[in-house]
Amino acid sequence: MTKDDAFAADLLRGHTDTIVLGVLRRGDRYGFEIYKTIRDATGGDHEIKEATLYATYRRLEKDGLVESYWGDETQGGRRKYYRITDAGRAVFRSNVTAWTATRRIIDALLDVKDLDK
């Protein structure tokens, strides 16, 4: 991991809850499926450690932002699925609004339009 990668990972780490809520907005998923969705959405550039994700699931469930239930797979072990709640959707919308405002401010402050010139 380069210094740039570590900086990006630190920035993303602060948004893990919102990232998971965003994945669950599109439908119920089981834990490892959420991991794969995040990894695949970034073309493999970003992965969240499973231990971090499972801590996130527990926290989101405790806060009432997601609910879990056991699936009834006929092959293999049973999977625990997660679904976003109305409160989770509200928090997701609020966090995305805050992120958009923050991004606009940072873009203005860094003024990097001519960085590659």
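Asp28 counts as partly exposed, at 34% relative accessibility (buried is under 20% relative accessible area, exposed over 50%, partly exposed in between, with a 1.4 Å probe and protein chains only). This is a predicted model, where local features need pLDDT of at least 70 and side-chain atom pairs count only at pLDDT 80 or more, while totals for chains, interfaces and linings use all residues. Residues are numbered from 1 along each chain as its sequence is written, and side-chain values use heavy atoms, leaving out hydrogens and water.

So what does Asp28 pair with in a salt bridge? Its partner is Arg83, with the closest N and O atoms 3.6 Å apart; the term takes a side-chain nitrogen of Lys or Arg within 4 Å of a carboxyl oxygen of Asp or Glu. Asp28 sits in the loop between H2 and strand S1 (29-30), and Arg83 is in strand S3 (residues 80-84), 55 residues away (helices are DSSP runs of H or I with at least four residues, strands are E runs of at least two, numbered from the N terminus).

Arg83 also meets Glu67 at 3.2 Å, N to O. Glu67 belongs to strand S2 (residues 66-70), so this pair ties together parts 16 residues apart in sequence. With shared partners, Asp28, Glu67 and Arg83 join into one network.

Elsewhere, Arg59 and Asp17 form a salt bridge at 2.6 Å, N to O. That one links helix H4 (residues 50-62) to helix H2, across 42 residues. Arg59 is partly exposed at 36% relative accessibility, and Asp17 is too, at 25%. The whole structure holds four salt bridges.
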